[in-house]
Amino acid sequence: TTTTRATVTRNFGQEHEPPGYGFDTLDHDEDTTRALLQEIAALRREAEFHRQRVFEYNSAVSQFVRPLLFSPAMLSRLQVQLSDLLTSALEGVEAIDDVKYVHCSFPCLPSASPRLALLRWTSLADSLWEIAFSPPWWIELMVQATQYLSIDIQITIQQPSLVGALHLSLDDSLSWVRLSFPELPQVNFEVASSVSVMSFLPVPVRGVVEKAVRKELLTWMRNNMVQPNSLQLELSGGGGGGG
């Protein structure tokens, strides 16, 4: 009887005590958890440090690039070049007989500076930026068109906006910069027109010319600024040219 009672007691204890699990195991789990939490905290601090360094680097390079690209002198050169290129492009449009003038207004306002975020920096000759730009720029032009009668159409292009990736290639001497887009960015603008004839006359050519202007602006950008094409602008003296 004594032997049977001892056996039952021993078996009962074995059934209710998980083998190999005790206070030592709990202490080990707590130590592992504490070590993991410390490692996660260290990784977070390191990630925040690198994020801050990237932010500071991006800010520094942006402050260097923005004045080069959007100074009054630079925008003045861009106005002249875009005016010449747009005139040349529109003179080849079938609906347009003559381009009387193209006037660009690109004021240099700090509040209208583009938002730039550095995506890749290899060197002055190779950097990629995310750009978002909605400047208070406008272009006014006068064209002569003939359909039923000869009319002068004044066209205003305004409220431009551009979002995309911009590739910059700066000369080591900072005398010129090449601008290009890896792909056509998102470009929006409004085109409005008025004619020099009485409003009751039918002027279907007005819509044709507005459409032609919109098409030529996007075609110009694709042919001059979307890779493998690039637009070269002089930063110190001289004019710019396509590359």
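First the rule: rings of Phe, Tyr and Trp, the last by its six-membered ring, pair if their centres lie within 6.5 Å; planes under 30 degrees apart count as stacked, over 60 as edge-to-face and the rest as tilted. This is a predicted model, where local features need pLDDT of at least 70, side-chain atom pairs count only at pLDDT 80 or more, and totals for chains, interfaces and linings use all residues. Residues are numbered from 1 along each chain as its sequence is written, and side-chain values use heavy atoms, with hydrogens and water left out.

The rule gives two aromatic pairs. Phe-106 and Trp-137 are stacked, at 4.2 Å centre to centre with 20° between the planes. Phe-133 and Trp-137 have ring centres 5.2 Å apart and planes at 85°, so that pair is edge-to-face. Together, ring pairs link Phe-106, Phe-133 and Trp-137 into a cluster.

Are these residues buried or exposed? Phe-106 and Trp-137 are both buried, where buried means under 20% relative accessible area, exposed over 50% and partly exposed in between, with a 1.4 Å probe and protein chains only. Phe-133 is buried too, at 10%.

Now the core. A nonpolar core is a set of buried Ala, Val, Leu, Ile, Met, Phe, Trp, Tyr and Cys residues joined through side-chain atoms within 4.5 Å. The largest one has 46 residues, and Ile-139, Leu-141, Ile-155 and Ile-157 have the most contacts inside it. Leaving aside neighbours within four places in sequence, Ile-157 is in contact (heavy atoms within 4.5 Å) with residues including Trp-137, Phe-189 and Leu-217.
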